[in-house]
Amino acid sequence: MTDANIDSARLKSQLAWEDPRSNRGYVQIGRERVTQSSDANEIAKLRAKAPDFKESMEIGRDWDETWKNQWPQESDAPRFKQTMLDFYQTCHDLHVHVMRAIALGLDLEETYFDHKIDEQCHNLRLLSYPPIRTDLLRQDGQARAGAHSDYGTLTLLFQDSVGGLEVQNPHTMEYQAASPIPGSIVVNAGDLLARWSNDVLRSTLHRVVAPPARKVSETEGITPARQSMAFFCNPNFSTEISCLPTCSGPGKEPKYAPVTTEQYIVGRLQATYI
Ligand SMILES: O=C(O)CCC(=O)C(=O)O
Ligand SMILES: [Fe+2]
């Protein structure tokens, strides 16, 4: 993964937001409210009260017949498709590398995860957060993205320079800014990695709120537009996620019932989008 890979994906992603014709897998503002809740009624209430103020585009593995990608016309968005497919592959390769490092860290064979994560069941999400009056964003329960953990193994997050991403410190429970660092990738552990590792690696609660205020007019504080790209890495849909052999022992019982990737992710998505 080089800066050039990231920059070209970011550039195409920006152009796509400027040209609504090129949108695919489009999720409009107000459609989603990410949360830790898995209760569909509670999520529906939260969404009605304080929807996430964002829009997004979703890109999956391109050969999936069930969840088909909808690409823009090449003439509307030249090289958009190829750039995103290349970026998808680069992110997949990085996931394999990081999972190998995690395997070694957990006293497993370096290649332990390789065949459990090789079907590219990932999701590349391009995110656009439009400009918004800062006082609206600071209202109770309102955020660009509400507090949640991601579902898979790891999320590779590419943010721009605007800021607002916060992660919860699991010891103090306080949120702290994950301030943008040029050329860096934020790597979040997700729920399936937490379940797999019996919480040795915990999934990170995070949210996107108003960044440090910047006045653009005399009278109104406007939070500027923000764009990010999140690559949600998943194990293969059929992989059973049950406590890893090195993560339980006497006095350290497995905390979670086995579940397949597909069961877990479909369950969370159904609760979110019902
Ligand atoms: O935009 C960001 O920085 C974070 C987005 C996010 O957490 C998500 O889409 O799950
Ligand atoms: Fe997230």
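**Close-ups of a predicted model**

View 1. Met84, Leu124, Met229 and Phe231 touch the most other members among the 38 residues of the largest nonpolar core. Such a core is a set of buried Ala, Val, Leu, Ile, Met, Phe, Trp, Tyr and Cys residues joined through C-beta atoms within 7 Å. Buried means 20 or more other C-beta atoms within 10 Å of a residue's own, exposed means 12 or fewer, and partly exposed is in between, with C-beta atoms placed from the backbone. At least two core residues come from each of helix H1 (3-18), E2, H3, E3, E6, H5, E12 and helix H6 (261-273). H3 gives the largest share, five residues. Helices (H or I, at least four residues) and strands (E, at least two) are DSSP runs, numbered from the N terminus.

This is a predicted model: local features need pLDDT of at least 70 and side-chain atom pairs count only at pLDDT 80 or more, while totals for chains, interfaces and linings use all residues. Residues are numbered from 1 along each chain as its sequence is written, and chains are lettered from A and ligands numbered from 1 in the order in which they are written.

**View 2. Phenylalanine 231 and its contacts.** Setting aside neighbours within four places in sequence, phenylalanine 231 is in contact with Cys91, His122, Leu124, Thr155 and Leu156. Two residues are in contact if their C-beta atoms, placed from the backbone, lie within 7 Å.

**View 3. The shell around ligand 1.** Here you'll find Arg125, Leu127, Ala145, Asp150, Leu157, Gln159, Leu165, His206, Val208, Ser228 and Ala230 around ligand 1. Strand E3 (123-129), strand E6 (154-159), strand E10 (206-208) and strand E12 (226-232) are the elements that give two or more residues to this shell. A residue is near the ligand if its C-beta atom, placed from the backbone, lies within 6 Å of it.

**View 4. Tryptophan 63 in its loop.** Look for tryptophan 63 in the loop between strand E2 (55-59) and helix H3 (80-105). Tryptophan 63 counts as exposed because it has 8 C-beta neighbours inside 10 Å. Phenylalanine 158 is 95 residues away from tryptophan 63 in sequence and 25 Å away in space, C-alpha to C-alpha.

**View 5. Two residues with positive phi.** Arginine 79 isn't a glycine, yet its phi is positive, about 65°. Arginine 79 sits in the loop between E2 and H3. With 13 other C-beta atoms within 10 Å, arginine 79 is partly exposed. Aspartate 199, also not a glycine, has a positive phi near 70°, and its place is the loop between helix H5 (191-196) and E10.
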